[in-house]
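Hi,

Here is the structure I promised to pass on. Have a look at it first, and then read my notes below alongside it.

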Amino acid sequence: MKETAKETRAKRELSVPGIAYGGDYNPEQWPEEVWAEDMLLMREAGVTMVSVGIFAWALLEPAEGVYDFARMDRLLDLLHENGIAADLATPTAAPPAWFFRAHPEALPVDRDGRRLSYGSRQTFCPSSPAYREAALRIAGALAERYAEHPAVVMWHVHNEYGCHNPACYCDESAESFRRWLRAKYGDDLAALNDAWGTTFWSQWYYDWAEVIPPRATGAVPNPTHQLDWRRFCSDELLSLYKAERDVLRAAAPGTPATTNFMVMYNFDALDYWRWAPELDVVSNDHYLRSTDPESEIDIALSGDLMRSLAGGPWLLMEHSTGAVNWQPVNRAKVAGELRRNALSHVAHGADGIAYFQWRAAKAGAEQWHSAMLPHAGTDSRIWQDVVQLGADLRALAEVRGSTGTASVAIVWDWDARWALELPSQPSGELRFQDLVRDWYEPLWRAGVAVDFVRPGDELAGYRLVLAPSLYLVDEAGAANLIGFAERGGTLAVGFHSGAVDANCHVRLGGYPGAFREALGVRADELFPLLPGESVGLGEGGTGSLWSERLRLEETGEGAGPGAEAVLSYTDGPLAGVPAVTRNSVGTGKGAGVGWYVATRPDPSTLGALLGRMCAESGVESVRATPAGVEAVVRRGPDADYLFLIDHAGDGAEVEVAQGATELLSGERLVGGVVRVAPGGVAVVREARGGRR
């Protein structure tokens, strides 16, 4: 599936050379006399592409079927005259007020039955026929007018699908949900009843008309009902993207289309594995969490996941030059952070860097959101950093198109994430992204390259596959992961994984369900820990959040020596019980290894465990660096590009290949060492083969 997506995208590539640079440009917020200054400053900053028209629907179509393209005509002509490409948006994330006056039924309804009002963005029902008709109409009008405009190099479809309206619970949505369910279950209501386990609490359905969205109810809703609802909502928004994309593609078959994902810590509404193959250029928005003391790890994790979704390079559509405006406290970035953030995204596969937005707004809901040109103007540190970054990206032009290389894969699955975080779990403290980051972080610190995969993906190119949190997995996915270990790979599984099947039904016989036999362990009862509670582990470590009454199982004849306890609980009700185990998986010389981690180890203990797994499976770091210096490699046709990013602020000297070149400075490194300035970045081109 990934290869198919890559082949599709190869037909429609972004034509902007080098690493694209720019941001959202909203000139409708300003008098036209400001536009000339914008062009001058964009050229000074090295801007090569801007996204335009994202929230311009009310101006482009002031009344139904009445269009005013004069302003957009002048803008696109001006951009082209100044050598700046346009990523032209369909403005469908913010329908005008006139639309809702005519179609109040298109406003979304929340799960409590309240119909929301217009007055912000993305306040529409994804299943509304009136909205779909209006969205396709404005998309078609834009496509017809600008398909051949020389400034337009990409279509920007909508904006951040599902950011504010991931679900609508109205009657129209209910009808769409039923159509989706009938297609999924082959129009067989008995199959739905079986999948949802509706004999519980007398929820059996005798007519499709009885099936409704999981609206507010008196007790805990059916988990499979909720899971199918999450799947439907993702697919319903995807259908809107595909419909607009197809209108644009019909008018301009060679122009790539994208929409901006939100692969970041606080968004989980869409299954991007299903979305990515539908995009010509896979794009992302990423913002830092002010309370995260090491947000550089989230940048790296997000970038690696984006590269995995794209099957190669991707585009950063939005991030911030400084503070955002929507967190409880919006932290400004410190000196050097803007540069490190942007080049970290490039290191992890971004072939374009863009910001929200070009010029900081003086009015509106995002007036306190930072921009490339801040309220203070050009006499500001942000502007100086923006200009410097433009020069940096020009120096890195040859990096475009290069890819990452990894021998470690982490399993990421949106179904598993959604199911894990449903109500009535053994612990309400489980957060999928936190558990994945736990395992990702030690690898990042060690400079180990990581890809992300689905449970059913091809795994032959990896040495080590990690499943930190895979509560839900279907039979084929579990068999694929186990088969990887049986063929000689190393598989590590985190607690509460394999517990339920694709319908969210518990696998009987003990935990960890689908992985129990392969890992050679069995738990008969779960012992989740209270917030702040911990248990001792061997070798001085601790575990938190979770524990299980686990035992080592007997193995069959010829199946190897059986599982061993690597760490056990040293106190609490499970003292002496295994907490981390290791097992031979498969038979003969080709057998692999399966690890099970039945608690949440402290960072030091987990780091040591992952270090042992890497060593045993032959996984090496990208480059030896001092603590706090991130090392990432992108591989081109003839050279490797080593990114060294000093997050600690101490500076460093790192060994590189003789005769390598540091691209940001142009310096030829005759001594086989590159010096990274405190808080700085170095990007080193090494001929294929690396160090000698």
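Predicted model: local features only at pLDDT ≥ 70, side-chain atom pairs only at ≥ 80, totals over all residues.

Let me start with a loop: P512 sits in the one between β14 (490–494) and α17 (516–519).

C504 counts as buried, because its relative accessibility is 11% and the cut-off for buried is under 20%.

There is another cis peptide bond to look at, running from F356 to Q357, with omega near -10 degrees. You'll find Q357 in the loop between β9 (350–355) and α13.

W201 is one more non-glycine residue with a positive phi, in this case near 55 degrees. Is W201 buried or exposed? It counts as exposed, since its relative accessibility comes to 52% and exposed begins over 50%.

Now for the helix pairs.

Helix α7 (residues 171–184) packs against helix α9 (residues 223–251) at an angle of about 100 degrees, and their axes are 10 Å apart. So α7 is roughly perpendicular to α9, given that 65 to 115 degrees counts as roughly perpendicular. On the α7 side the contact is made by S173, S176, F177, W180, L181 and K184. From α9 come H225, D228, W229, R231, F232, D235 and E236. Sorted by class, the residues of this contact are five nonpolar, three polar and five charged.

The other pair is α15 (residues 432–445) with α18 (residues 603–617): their axes come within 9 Å and cross at roughly 65 degrees. The crossing of α15 past α18 is right-handed. Here D438, W439, P442 and L443 of α15 meet L606, G607, L610 and C614 of α18. By class, that contact has six nonpolar residues, one polar and one charged.

α12 (residues 337–347) is mostly covered, with ten of its eleven residues buried. Among the buried ones are E337, R340 and H345, along with L338, A342, L343 and V346. N341 is in this helix too, and it counts as buried because its relative accessibility is 6%. What does the side chain of N341 join in a polar contact of 2.8 Å? The partner is the side chain of K333. If you leave aside neighbours within four places in sequence, N341 is in contact with L288, I299 and K333. After α12 comes G349, which has a positive phi near 115 degrees.

α2 (residues 33–45) has its own set of buried residues: V34, W35, D38, M39, L41, M42 and A45. Their cover includes β1 (20–25), β2 (49–52), α4 (70–81) and α13 (381–395). G46 follows α2, and the phi of G46 is positive, near 85 degrees.

V387 is in helix α13. With neighbours within four places in sequence set aside, V387 is in contact with E44 and A45. V387 counts as partly exposed, because its relative accessibility is 23%. In sequence, V387 and V16 are 371 residues apart, while their C-alpha atoms are 19 Å apart in space.

Last one: D298, in helix α11 (residues 295–310). The relative accessible area of D298 is 5%, so this aspartate is buried. Its side chain and that of H286 are joined by a polar contact of 2.8 Å. Setting aside neighbours within four places in sequence, D298 is in contact with Y265, H286, D292, Q433 and R437. The C-alpha atoms of D298 and Y25 are separated by 26 Å, and the two residues are 273 apart along the chain.

Cheers

Key: Residues numbered from 1 in each chain as written. Heavy atoms only, no water. Axes fitted to C-alpha atoms, helices over the stretch in contact; angles between N-to-C directions. Helix = DSSP H or I, 4+ residues; strand = E, 2+ residues; numbered from the N terminus. Left-handed = near helix turned anticlockwise from the far one by under 90°. Contact = heavy atoms within 4.5 Å. Nonpolar A, V, L, I, M, F, W, Y, C, P; charged D, E, K, R; others polar. Parallel < 35°, antiparallel > 145°, perpendicular 65-115°, else oblique. Buried < 20%, exposed > 50% of the residue type's maximum accessible area, 1.4 Å probe, protein only. Polar contact = N/O pair within 3.5 Å; in protein donor to acceptor, adjacent residues only side chain to side chain.
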